[in-house]
Amino acid sequence: MASLSVQAIVEQYARATAAKMESYVQSQYNVPDFKLKVIVSYGKRRRSSWGGMRNGKPFINLVCKRFAAASEAGVMMTETEYAHIRNDPVIGEMKDVPWETALAGLIAHEIAHAVQFFPLTKRSAMEKLGVKELDGHSCILKNHNWFWQRIYADLRTEFVNGKVTVTSTPIVVTPPPSRPQRTVNKGWKVVRQQNGKARFSFYYTTSDELIGVLCVTPDGYFRYYPDTQSVKKLNVKNFNEARKIEFGI
Ligand SMILES: [Zn+2]
């Protein structure tokens, strides 16, 4: 158990960092009413940090035991991320970083959820990111999907990544959609995105359920599995052929 003074130092750093990001969000999304409630938690049984909206207000709840422990022990930390973004060079896992950087990463992650769900910042971010025409319930806007990833990436770049040497080399990089193009009369739509040398096609049903992802690189055509971030090589000549074989559409 970290000493009280160490806990106080971690808490102070967490609040100062959250305050910086809060004021950045206020100006970045032009929402002065984005006023974060910050809860710093050392409870023994609390495992998960949270960010979002409660009682109409944006909040983050940070589980800080591990940062205090690392601070006290004077060791570096690995701040992990969800499997589907872990290898992303911007929003992925951070290895061997000081506790301050790891904590700043967690704060950015949770504040991105608050921006994602607080109605004023949600609307502003949708506009800023070119997806304001999306249905508010689109899966693109939910969970740890594209919309949250873009908000998180901005905070990571602005406040966290400058302090980190990124060593991971992703096979393929995260983000999906920007502007869904509906393909008429077929019950599905496709969203295309260029990512370095890779070109992705994300196939959705008309109700925005992800059907699957295809990808072409100089090495050929692949099916991409976002959940496991793995790929399967396809023996096809184009996306249309791959789509028919892989998804039957
Ligand atoms: Zn999250």
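Predicted model: local features only at pLDDT ≥ 70, side-chain atom pairs only at ≥ 80, totals over all residues.
Figure 1. Helix H4 spans residues 119–128, and its buried residues are Thr 121, Lys 122 and Ala 125. These buried residues line one face of the helix, because they fall within an arc of 105° when H4 is seen down its axis. Just after H4 comes Gly 130, which takes a positive phi of about 75°.

**Figure 2. Packing of H3 against H5.** Two packed helices are described by the angle between their axes and the distance between the axes. For H3 and H5 the angle is about 145° and the axes are 8 Å apart. Their crossing is right-handed. On the H3 side, the residues that meet H5 are Thr 101, Ala 104, Gly 105, Ala 108, His 109, Ile 111, Ala 112, His 113, Val 115 and Gln 116. On the H5 side, they are Phe 147, Trp 148, Ile 151, Tyr 152, Leu 155, Arg 156, Phe 159 and Val 160. Sorted by class, the contact of H3 with H5 comprises 12 nonpolar, 5 polar and 1 charged residues.

**Figure 3. Packing of H2 against H3.** Helix H2 (residues 65–73) packs on H3 at an angle of about 170°, and the two axes lie 9 Å apart. The two helices are therefore roughly antiparallel to each other, since angles over 145 degrees count as such. H2 contributes Phe 67, Ala 70 and Ser 71 to the contact, and H3 contributes Trp 99, Ala 102 and Leu 103. Of the residues in this contact of H2 with H3, 5 are nonpolar, 1 is polar and none is charged.

**Figure 4. Buried face of H2.** Phe 67, Ala 68, Ala 70 and Ser 71 are buried in H2. Seen down the axis of H2, the buried residues fall within an arc of 165°, so they line one face of the helix. The cover over these residues includes H1, strand S4 (77–79) and H3. Just after H2, Gly 74 has a positive phi of about 65°.

**Figure 5. Ser 5 in helix H1.** Ser 5 is a residue of helix H1. Ser 5 counts as exposed because it has 10 C-beta neighbours inside 10 Å, and the limit for exposed is 12 or fewer. Ser 5 and Glu 72 are 67 residues apart along the chain, and their C-alpha atoms are separated by 9.8 Å.

**Figure 6. Arg 192 in strand S7.** Arg 192 is placed in strand S7, which covers residues 188–195. With 16 C-beta neighbours inside 10 Å, Arg 192 counts as partly exposed. Leaving out residues up to four places away in sequence, Arg 192 touches Arg 199, Phe 200 and Ser 201. Phe 202 is 10 residues from Arg 192 in sequence, and the two are 6.2 Å apart in space, C-alpha to C-alpha.

Figure 7. Most residues other than glycine have a negative phi. Asn 55 is not a glycine, yet has a positive phi of about 50°. Asn 55 sits in the loop between strand S2 (50–54) and strand S3 (57–63). It counts as exposed, because 6 C-beta neighbours lie inside 10 Å of Asn 55. Asp 96 also has a positive phi, near 50°, in a residue other than glycine. Asp 96 belongs to strand S5 (residues 94–97). With 13 C-beta neighbours inside 10 Å, Asp 96 counts as partly exposed.

**Figure 8. Overview for the close-up views.** The protein contains 6 helices and 11 strands. It has 249 residues, of which 33% count as buried. Among contacts in the protein with a separation of 6 or more, residues 24 or more positions apart account for 54%.

Terms used
Residues numbered from 1 in each chain as written. Buried ≥ 20, exposed ≤ 12 C-beta atoms within 10 Å, placed from the backbone. Helix = DSSP H or I, 4+ residues; strand = E, 2+ residues; numbered from the N terminus. Arc of directions from axis to C-beta. Axes fitted to C-alpha atoms, helices over the stretch in contact; angles between N-to-C directions. Left-handed = near helix turned anticlockwise from the far one by under 90°. Contact = placed C-beta atoms within 7 Å. Nonpolar A, V, L, I, M, F, W, Y, C, P; charged D, E, K, R; others polar. Parallel < 35°, antiparallel > 145°, perpendicular 65-115°, else oblique.
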